[in-house]
Amino acid sequence: MNSISAGRVHLPTRNVLACLTQRSSGRVLVVRRKYHDESFGFRKARDFTIPDYTSDQLTNRAVNAPLLRYADSLRTHGHRAASIDPLDLLRRERVAALDPIRYGLDDPARTFDIDGIIWTGEGRQEWTLENITSFLNVVYVGRIAYEYMDLPSKTERLWFAKLLESQSALEPITVINADRQKNIHALLAKSEVLDNFLQVKFPNLKRYGLEGGESMLPALDALFEAASKAGMTQLIVAMPHRGRLNLLTGLLEYNPTSLFHKIKGGCEVDESLGVSGDVLSHLVASPTLQYGEADGIKVSLLPNPSHLEAVSPVALGKARAKQYGLLKSLSSGNDNQDCMLGDKVMCVQLHGDASFTGQGVVMETLGLSGLPHFTSGGSVHIVVNNNIGYTTPASSARSSFYCSDIAKMINCPVLHVNGDSPEDVVRAVDIAFKYRNHFRKDIVIDLIVYRRWGHNELDEPAFTQPLMYEKIRSRNSVPKLYEDKLISDGVISVEAAQAVRDNYKAALNTALTDVTSYVPPPVSFEGAWKGMVWPASPAAREEKTGVSSAVLRDVGKASVHVPEEFEIHSRLNRHVKSRLRSIESGEGVDWASAEAMAFGSLMLEGCDVRIAGQDVGRGTFSHRHAMLVDQKTEGVIVPLNHALTEAKGKLELANSSLSEMAVLGFEYGASWERPDLLPIWEAQFGDFFNGAQIIIDTFIASSETKWLKQSGIVLLLPHGLDGAGPEHSSCRIERMLQLTNDSYVAQEKVNVNMHVVFPTTPAQYFHLLRRQIKRNYRKPLIVAAPKGLLRLPAASSKLTDMGPGTAFQPVLQDPLTLANPKAVQRIVLLSGKIYYDLAKERETRNLKSSVALIRVEELAPFPFAALSEALAPYSDANTQLEVLWVQEEPRNQGAWKHVQERIEEVLKGLGVDGGVAYRGRKEDAVSAPGTGKLYKVQQLAVIESAFQGL
């Protein structure tokens with residue numbers, strides 16, 4: 001550790017200028033700052049360029065300006081006339097912009113030099129207007145339609161034009177030979193066979209089949225193959241319910257016997273593990289698929305809740321976390337520009353048309369896609385577009401023309417493709433992958449299909465869409481249409497086509513027969529999770545989390561280390577000196593220092609730490625300052641990364657967009673990937689977590705029970721009534737506690753789904769953070785985090801509180817009353833910051849020996865044994881103890897409803913009569929008053945109620 005204190009870290013001076021605007025001679029020069037470019041994990045998108053027009057091409061474009069306008073009009077508006085809707089339900093008017101006469105081009109035989117106007121790859125050529133019109137219509141007004149001309153990047157627009165036009169002129173963009181056609185046919189036919197089989201065998205099953213949208217399977221198959229041949233090793237897939245069973249059995253090698261076992265009421269995993277399982281349409285698989293000579297590619301389909309689109313940010317976070325090793329390699333000076341995020345891992349997101357436009361998390365997740373601390377190297381989005389959401393038609397489901405228009409907020413290109421043409425679907429996927437892999441940006445495929453049945457197979461869709469379903473029921477299926485085409489073209493015989501169906505149906509029948517002897521395979525921890533155990537197993541263990549004083553001091557100093565030639569804000573000098581002073585003395589260690597010591601000590605042990613949220617680098621309350629900004633250059637350092645040179649772990653400070661749901665989902669996805677990562681999401685104020693309630697309900701609180709997915713995610717939710725009003729006071733502890741499966745009685749072995757704590761000292765917080773990593777299992781941790789306590793001298797700790805042999809204490813005893821427990825007249829149980837208000841009032845009233853203040857620091861799992869131990873000295877002295885629960889939250893909120901029965905269970909075990917009484921605010925519709933005067937009156941009443949009658 002000598003390297004920490006041996007001297008200052010010398011950083012190169014960076015010419016990182018603030019954003020300046022200079023005006024000279026009517027010209028404006030903008031110098032853009034490079035804010036955060038030194039921070040670990042910050043990955044700015046690489047700039048790409050394509051050779052600009054030559055002087056001859058520019059001249060030709062000027063001479064033939066009407067032709068240029070016509071060509072650009074087809075590129076821009078061709079999608080409006082393209083044949084992309086299988087049912088032809090899109091209301092389309094004649095597109096006047098596509099008529100050459102509009103541009104004065106009225107002679108079909110007239111020839112033009114097309115160099116620099118149309119990209120044929122052949123250089124200068126003379127084409128007739130008739131040839132030009134025919135060519136551009138083939139490219140832009142077919143069964144694939146393109147929206148790329150609105151992209152602000154000229155490079156990207158040119159890339160598309162050159163790819164689409166030169167390859168269309170020379171040869172098809174994607175060559176689909178007979179073998180590939182047969183593969184497409186097999187995927188489509190087997191999908192149809194599965195849906196028909198399930199309909200016959202399980203007629204009352206809601207299977208959310210793929211009928212009408214079968215082209216999704218060749219689309220994904222083409223994408224997986226392209227990724228594999230490009231050298232990728234991992235794909236993270238997020239998708240909703242529709243077509244999931246088809247994908248699982250058709251592409252992801254899911255055992256049909258396991259599927260039928262689930263349909264018949266069985267559990268998808270070993271029930272002895274205590275799992276409750278999930279519904280059929282949320283099943284998962286992670287096979288390694290083989291495509292030709294390429295190395296195998298692992299495709300991980302993530303579990304999803306029924307809340308549409310909620311899984312998308314989770315998938316994005318998992319894809320990013322898979323590339324942490326690359327980020328660390330690059331940060332160590334190996335800044336190889338040939339190695340980029342997205343080289344080996346790609347996120348694939350499937351959506352429904354109604355949810356893509358209707359769910360706000362889509363916008364939030366798209367907003368993360370290009371942010372330096374959140375990008376994973378570009379996602380491919382496939383919208384399986386039924387033109388209906390449940391019973392709501394597109395005209396009532398969105399204000400935009402296309403469901404994909406939301407993606408334009410990130411300047412995302414969109415490819416619309418007709419699902420009735422599987423080969424064009426494959427071509428569209430090939431183009432999309434080429435774009436994503438070149439630019440490492442998101443791209444959307446709008447796969448326009450239809451839904452043969454209602455929202456599920458038991459619905460009657462004609463109640464609300466009679467004309468749509470009249471069309472649907474009068475047409476052949478997509479697999480049958482493609483099969484007839486291949487038979488007509490001589491690619492496959494009638495007998496061979498039927499054999500594909502018959503053989504697969506026979507395999508399904510055999511799988512169904514095998515259900516009687518089926519046993520779910522054992523679940524084991526593999527890869528990064530090897531060595532972890534199930535929390536309820538006898539092998540689960542708790543570790544001491546204390547650290548030597550030498551390491552604490554070295555890490556504490558490193559956390560506020562300011563390199564030479566780096567100028568911090570003058571007001572931070574006092575902050576740095578104060579923290580150094582407490583570290584040297586071992587007294588008065590504040591929350592920021594304790595947190596930094598937890599982070600740094602874990603980093604020295606090889607663990608990474610990532611904290612994300614709004615303003616996390618500085619901290620909402622300007623307390624953390626884990627990143628420092630040079631006041632002259634706006635260059636940024638993270639002292640723990642720069643000064644802890646021996647640490648193998650890294651600290652990533654991800655100041656996020658103003659999003660809760662997507663950012664928390666992202667961090668949660670990262671927690672699934674790496675147990676050696678301490679992932680933290682900090683709400684700006686605890687109240688704001690409710691913007692992410694869906695992630696908390698459907699993932700954090702329930703993933704282990706539903707899917708056997710462990711997570712060490714930490715939620716820091718600043719909490720405390722301090723006069724800040726209804727939306728800046730409460731993290732709704734009551735909601736978090738209600739979501740736990742905490743037992744009402746003491747048990748020898750508990751497996752609570754998530755831990756909820758309300759720590760009152762920096763040392764307790766330190767131990768909680770380290771406990772998340774030191775255990776051999778993972779649990780979500782909900783922290784009602786401090787606000788006013790951050791700088792309260794009384795709410796500080798000693799270094800010895802974090803030293804060897806120490807650990808988190810679920811209950812903090814009152815040392816002032818233990819010497820003479822017989823003198824205690826009243827025991828006040830409480831949690832959180834009100835302890836300090838009550839301690840001060842107790843001293844003022846001179847009641848230090850007669851009132852015991854005992855802090856319940858861990859609310860779930862409820863600390864039955866620890867609380868019993870803390871109360872035992874008093875109960876031995878007096879079985880008629882008066883026991884109160886005091887809280888500052890309203891009675892219908894806070895921890896009261898959670899702790900009441902459990903405290904009484906403890907008192908009953910100690911032989912104490914009378915139970916526990918409540919003291920605090922009355923029931924309220926808001927968490928805190930918005931009027932300062934009323935807050936003070938209420939708070940004073942709460943404090944006085946604790947001592948009333950003494």
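Trainee: How many helices and strands does the secondary structure of the chain come to?
Mentor: Helices (H or I, at least four residues) and strands (E, at least two) are DSSP runs, numbered from the N terminus. Counted in this way, the secondary structure of the chain comes to 32 helices and 28 strands.

Trainee: Why does the chain count as being as compact as a globular protein of that length?
Mentor: The radius of gyration is taken over C-alpha atoms, and the globule rule is 2.2 Å times the number of residues to the power 0.38. For 950 residues the rule gives 30 Å, and the chain is close to that value, so it is as compact as a globular protein of that length, with a radius of gyration of 32 Å.

Trainee: What kind of model is this?
Mentor: Residues are numbered from 1 along each chain as its sequence is written, and side-chain values use heavy atoms, with hydrogens and water left out. Local features need pLDDT of at least 70, side-chain atom pairs count only at pLDDT 80 or more, and totals for chains, interfaces and linings use all residues, as the model is predicted.

Trainee: What percentage of the 950 residues of the chain count as buried?
Mentor: Buried means under 20% relative accessible area, exposed over 50%, and partly exposed in between (1.4 Å probe, protein chains only). The C-alpha trace spans about 105 × 80 × 50 Å along its principal axes. Of the 950 residues, the buried share is 59%.

Trainee: What share of the contacts with a separation of 6 or more comes from residues 24 or more positions apart?
Mentor: Contact means heavy atoms within 4.5 Å. Among contacts in the chain with a separation of 6 or more, the share from residues 24 or more positions apart is 80%.

Trainee: How far apart are the mean positions of the positive and negative charges of the chain?
Mentor: Lys and Arg count as positive and Asp and Glu as negative, while His and the chain ends are not counted. The place of a charge is NZ of Lys, CZ of Arg, CG of Asp or CD of Glu. With 105 positive and 109 negative charges, the distance between the mean positions is 4 Å.

Trainee: Which elements do the buried residues of H2 pack against?
Mentor: In helix H2 (residues 55-63), Gln57, Asn60 and Arg61 are buried. Seen down the axis, with the arc being that of the directions from the helix axis to the C-beta atoms, the buried residues of H2 fall within 100 degrees, so they line one face of the helix. On the other side of H2, Ser55, Asp56, Ala62 and Val63 are exposed. The buried residues pack against helix H3 (65-77) and strand S3 (111-113).

Trainee: Which residues is Ala71 in contact with, leaving aside its neighbours within four places in sequence?
Mentor: Ala71 is found in helix H3 and is buried, with a relative accessible area of 0%. Its C-alpha atom is separated by 7.4 Å from that of Ile118, 47 residues apart along the chain. Beyond the four places on either side, Ala71 is in contact with Ile117 and Leu136.

Trainee: Is Asn846 buried or exposed?
Mentor: Asn846 lies in the loop between H29 and S25, and its phi is positive, about 60 degrees, although it is not a glycine. Most residues other than glycine have a negative phi. At a relative accessible area of 62%, Asn846 is exposed.

Trainee: Which peptide bond is cis, with omega near 0 degrees?
Mentor: Most peptide bonds are trans. Pro861 lies in the loop between strand S26 (858-860) and helix H30 (864-877). The cis bond is the one from Ala860 to Pro861.

Trainee: How far apart are the C-alpha atoms of Glu423 and Asp353?
Mentor: Glu423 is in helix H15 (residues 422-439) and counts as buried at 10% relative accessibility. Not counting residues up to four places away in sequence, Glu423 touches Ile176, Gln181, Ile184, Tyr482, Lys485 and Leu486. Asp353 is 70 residues apart from Glu423 along the chain, and their C-alpha atoms are separated by 22 Å.

Trainee: Which residues does Thr365 touch, not counting residues up to four places away in sequence?
Mentor: Thr365 is in helix H13 (residues 360-368) and is buried, with a relative accessible area of 4%. Beyond four places in sequence, Thr365 touches Ser312, Pro313, Leu316, Gln349 and Ala662.
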